[in-house]
Structure formats: C-alpha cells, structure tokens
Amino acid sequence: MVYVYAVLGLLILLLAGDALVKGAVNLSLRVGIPALVVSLTIVAFGTSAPELLISIKAALENAPGIALGNVVGSNTANVLLVLGVPGLITVMHTSQCDTRTSYLQMMGGTLVFIALGFRGVFDMTAGLILLALLLVILGSQLRTALRHRAEGQADEELEEPEGADPDMPWWRIGLYLVLGLIGLPLGADLLVDSAEEIARMFGVPDAVIGLTLVALGTSLPELATTVMAAIRRQADVAIGNVIGSNLFNLLAIIGVASLIAPIQVGPGFLQFDFWVMLGASLLLLPFVYFGRDLGRIWGFVLSALYLGYVTVVLL
C-alpha cells in the first residue's frame, strides 16, 4: 500500500504543479505583468514547485537525505536520463542551439552549491547566497531577453508562456490556483511520508530513496517535455529545459528550503553524489560548445550511465 501512496503523492504533485502554473501565469498576465517576465520567473518557479514542497517538508521532518537527494538526484537524472531517452528516439541537432551563457550559469551555480555543501549544512547563510545568485542570473537573463526583443529577435516561447490562455475566465484561474495550493502540500505529504516508510522497510538511508525514487519521479515532467521537444526537432528547447531546471533546483529549491529549516549534508553526498552531478553536467560540454549532435549512441551512453549510477546508489 505504501507504494500506492507514493505514486498517488507523485501524481497529485505533478497535477497540482501544472494547475498552479496555469493559474499563476494567467493571473499575472491579467493584472498586467509582461509575458517576458512571467516566462522567466513564474513559469520557472511554478514548474519547480513539486520539488520545492518535497524539500521543505523533508527538511522540516528531519529527513535531509530526501530534501537534498531530491535535488541532486534530479539534476543527475535530468542530464543522463532526460537527455538520454530522447537521444534513443531521435537525433537532436544541438549544433543549432545557443545555450552557452545559460550553461556557464548552470555550471557556476553547481560549483557554488557544492562549495557551500562542504560547510556540512545548508543553513540560512547558504540559502541567502544561493537566492542572491539566482536573482543575479535572472536579472542577466531578463536583460538579454529585453535586448533581443528590442532588436526584433524575440523568442516566441517567451512571448507565449506555458499555460497562457487569453480567454481563460476568472473563475477558472481561481480554481487552478486553489487546486495547486491545496494539492502541492497534500502530494508532498504523501510522497515524503511514503518515501520514508519505504526507506525503513528496506533498511536504507533516506538519501538513497531521495536520490532514486523521489528524484526520478520529480524528473518525469522534464522527461516528457524533452521527449516531445526532440520529436518536434526542437533541440534548443530540450537542452534549455534541462539547464534551466538544474539551475532552479540548486539555487531556488535548496535556497528557499534552507531558509525554512537547515539541511544537513551527509558524507555520501560529499564523497560521491555531488561529484556524479558535476560530472553529468560536464557531459553537456560537447553538445553546448562543440556542436555535437545527440544521437542514439550518446543516448545509449547517457542512459546506461544513469542506470549504472542508480545501481551503485541502491547497492
């Protein structure tokens, strides 16, 4: 039964997160917030809401392994699995993408995150540093987007935020917001409690469940988005989705969660998991800087590396 509760919690989280994004996007557009700002902030935060709620609840319940494993495991899965599986389906022509600046920002955020982790705890000081870095990066992205728009190079995706519907009635906006705000904590409760119970059943640390079950579950939306982007030959969307998600996971989720409750860093993270996450991020170099296309061979290599990583963690 505990597995049913875990799946139910994950399903509620994903549906509630989607509802919150739709409600928040349309409310923001209705009250006059520019679509560009909505795309760079509200959509990004909204799609990370499930991970955020999981990490906050886990930190409050003294389950730091789930709080941290959720983020570190998700970032590893985002590169190895979320890009590996679409690569098995079709070739992604990443040579057509310009994601160098975003990639450098993600790598910078990753290095700062790991350095703060070696303090042994993500506390209020670490949280403020991570959030300050996030604000700097968001400001840079906003300035770049505004400059491109002024030059007539506006990105269509920024002009039409995910979930935007100009004709959506007020009652539906309110319903989406209510469902999202109620469903997120409910789903987080079910998933975290179930994950802790599964860890006890198998006698493994909660970090193992956070790095595998919880991380894989919360990476499913990114996987679905990237598969569809690959099928539509939108390699820039696929790579950008992974880079943006990883950046928000590290800076926003742990940044906010550590302000609410300190998150202890276990030795396993310092000795192994942080470095696997960094290594996975470095594997993006050939696609971002050298124009290598992500085809079936790379898809197989990335997917195999993820299966190998999960096997090591579980054993």
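Me: How many salt bridges does the structure hold?
Reply: This is a predicted model, and the structure holds three salt bridges.

Me: Which residue does glutamate 61 meet in a salt bridge?
Reply: The partner of glutamate 61 is lysine 57, with 2.2 Å from N to O.

Me: Is lysine 57 buried or exposed?
Reply: Lysine 57 counts as buried, because its relative accessibility is 12% and the cut-off for buried is under 20%. Glutamate 61 is partly exposed, at 33%.

Me: What else does lysine 57 form a salt bridge with?
Reply: Lysine 57 also pairs with aspartate 193, where the closest N and O atoms are 3.7 Å apart.

Me: Where do those two lie?
Reply: Lysine 57 is in helix H4, residues 49–60, and aspartate 193 is in helix H10, residues 170–202. The pair therefore ties together parts that are 136 residues apart in sequence.

Me: And how accessible is aspartate 193?
Reply: Aspartate 193 is partly exposed, with a relative accessible area of 38%.

Me: Which residues are joined into one network?
Reply: Lys57, Glu61 and Asp193 are, through salt bridges that share partners.

Me: New topic. What does aspartate 123 form a salt bridge with?
Reply: Aspartate 123 pairs with arginine 119, and their closest N and O atoms are 3.1 Å apart.

Me: How accessible is arginine 119?
Reply: Arginine 119 has a relative accessible area of 41%, so this residue is partly exposed.

Me: Why can side chains pair like this at all?
Reply: Side chains of opposite charge can pair when their charged atoms come close.

Note on methods. Residues are numbered from 1 along each chain as its sequence is written. This is a predicted model: local features need pLDDT of at least 70, side-chain atom pairs count only at pLDDT 80 or more; totals for chains, interfaces and linings use all residues. Side-chain values use heavy atoms; hydrogens and water are left out. A salt bridge is a side-chain nitrogen of Lys or Arg within 4 Å of a carboxyl oxygen of Asp or Glu. Buried means under 20% relative accessible area, exposed over 50%, partly exposed in between (1.4 Å probe, protein chains only). Helices (H or I, at least four residues) and strands (E, at least two) are DSSP runs, numbered from the N terminus.
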